[in-house]
Amino acid sequence: MSNTEVITLERVLSRQTMQQAWESVKANKGAAGVDRKAIDQTQDHLKQHWREIRHKIESGQYQPSAVRAVSIPKANGGNRLLGIPTVQDRLIQQALQMVISAELDAQMSPHSYGFRPNRSAHDAVRAASDYVANGKTWVVDIDLKSFFDQVNHDKLMHQLSGKIADKRILKLIGRYLRAPMRQADGSQIKRLRGTPQGGPLSPLLANLYLTPLDQELTQRGIAFVRYADDIALFVSSERAARRVLESVKAWLHKQLDLEVNEGKSGTGPSDQSQLLGFRIHQGGNVAASPKSIARLKQRVRELWDARQSITLPELRKQWQDYIRGWWNYFGFANWRREVHDLSGWIRRHMRKYFWLRWHNRQGRYNALYRLGIRGRALGMAGCGRGAWRMAKHFVMHQALTTERLVRNGWYLPWKLAS
């Protein structure tokens, strides 16, 4: 039996699939859609009306709700427009995603890493590192212009029709693609292109849409990694990089109706490029990219801003949640000098925070005394120097030693790991 024959609506709507899909949707939490029903409210609704909803899906009468437009800031500037489906539609999409992915994932390229089971951004960076270590030190960065908003529906549905025989599934996916986007003011925008991020089905459809690109690059013998719409090609010379960039741009336009963002695409040595927040140096060593380091520094300034009205336990949790998450991702790098070099700077922000939170001369005197400072050193409580300068003073280092900061939860995970 072929893959197309086992991707059936009956399998999507089976009790086992729907139960697994519901657990996944519930675990991901997420906001309500245009119907304003949260997880619990949707669960109550489904208990009462699932038989009717299922009948509509099976008979081809089901109409997905509009998706709720939500704009979120992108890490590299600008905003990304998400389309948040209702919880009910997220459930149905999740079930579709599970069944389709289970059968079609094996057909996807081994060089595609994003939103696939048992694959991660670290796997993509590891593969890229191997390319660079083997002499492919020139990178072709391809940034697809508004990719998730520009997917050609006709081309996507044509691709899917060759992979899924059940026309009821194709019809349902087509309706999800065309579900309008509802703005905050209540107006609705028709969707003639794109598969907006926000629903469980979108990443899978994006991967399927770009699979022909993966196949083309493989056929040409080009070393590459792709993480969703982040695409990096690795070649041995500047000349080859420029040639490949132009030919791939032309292929994308002709075959997939996609445009390349000229301002964010280009060629260069690997140690002047970045992939998924990392930079790959000659020899294949991996480091957090300068942009990632800059974002870390900005977040440190925000988290250690003394003007926050939070308790010390809240501050501790806020810091630990962020820095652990950051290190869980960027600790993959084996070139860590830039991160280690920030250690003293970060602890200086911590000491600055406490100096300011002690408020005035008496508060600082009491705090310093409580922390073991005695004699003339206590006179520093009345010093009029700025907080940033005081954070570097030897008295503050004696009061808030590195060991004391770590003991109280204000640690740096890379120091613990070294």
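How many helices and strands are there in the protein? The protein has 20 helices and 10 strands. The model is a predicted one. Of its 418 residues, 49% count as buried. Taken along the principal axes, the C-alpha atoms fill a box of roughly 85 × 60 × 40 Å.

The next topic is charged side chains. Side chains of opposite charge can pair when their charged atoms come close. In this model the count of salt bridges comes to 18. A few of them are described here.

D123 pairs with R126, and the closest N and O atoms are 2.9 Å apart. Both residues belong to helix α6 (residues 121-133), where they are three residues apart, about one turn of the helix. D123 counts as partly exposed because its relative accessibility is 24%. R126, at 40% relative accessibility, counts as partly exposed too.

Another salt bridge connects two loops. The side chains of D257 and R193 meet at 2.9 Å, N to O. D257 sits in the loop between α11 (238-256) and β8 (266-269), and R193 in the loop between β5 (188-189) and α10 (201-220), so this pair ties together parts that are 64 residues apart in sequence. With a relative accessibility of 24%, D257 counts as partly exposed. R193 also counts as partly exposed, at 31%.

A further salt bridge links a strand to a helix. R226 pairs with D214, and their closest N and O atoms are 2.8 Å apart. R226 belongs to strand β6 (residues 223-227) and D214 to helix α10, so the pair ties together parts that are 12 residues apart in sequence. Both R226 and D214 are buried.

Salt bridges can also be linked to one another. Which residues are linked with E10 in a network of salt bridges? The network joins E10 with D166 and R168.

Rolling a probe the size of a water molecule over the atoms shows where empty space is left. The second largest pocket has a volume of about 530 Å³. It is lined by 25 residues, and the closest to its centre are N28, G198, G199, P200 and P203. Helices α3 (15-28), α5 (87-104) and α10 each supply at least two residues of this lining. The lining of the second largest pocket divides into 10 nonpolar, 11 polar and four charged residues.

Some residues in loops also deserve a look, starting with the loop between β8 and β9 (278-280), where S273 has its place. Is S273 buried or exposed? S273 counts as buried because its relative accessibility is 10%, and the cut-off for buried is under 20%. The side chain of S273 makes a polar contact with the side chain of D141, at 2.5 Å.

L276 lies in the loop between β8 and β9 as well. Its relative accessibility is 17%, so L276 counts as buried. The backbone of L276 has a phi near 55 degrees, a positive value in a residue other than glycine. Most residues other than glycine have a negative phi.

K29 likewise has a phi near 55 degrees, again a positive value in a residue other than glycine. Where does K29 lie? K29 is in the loop between α3 and α4 (39-59). K29 is exposed, with a relative accessible area of 61%, whereas L276 counts as buried.

Notes. Residues numbered from 1 in each chain as written. Predicted model: local features only at pLDDT ≥ 70, side-chain atom pairs only at ≥ 80, totals over all residues. Heavy atoms only, no water. Salt bridge = Lys/Arg side-chain N within 4 Å of Asp/Glu carboxyl O. Helix = DSSP H or I, 4+ residues; strand = E, 2+ residues; numbered from the N terminus. Buried < 20%, exposed > 50% of the residue type's maximum accessible area, 1.4 Å probe, protein only. 1 Å grid on protein atoms, 1.4 Å probe; cavity = no way out; pocket = protein on both sides within 12 Å on 5 of 7 lines; lining within 4 Å. Points joined across faces, edges and corners; volume = space filled by probe spheres on them. Nonpolar A, V, L, I, M, F, W, Y, C, P; charged D, E, K, R; others polar. Polar contact = N/O pair within 3.5 Å; in protein donor to acceptor, adjacent residues only side chain to side chain.
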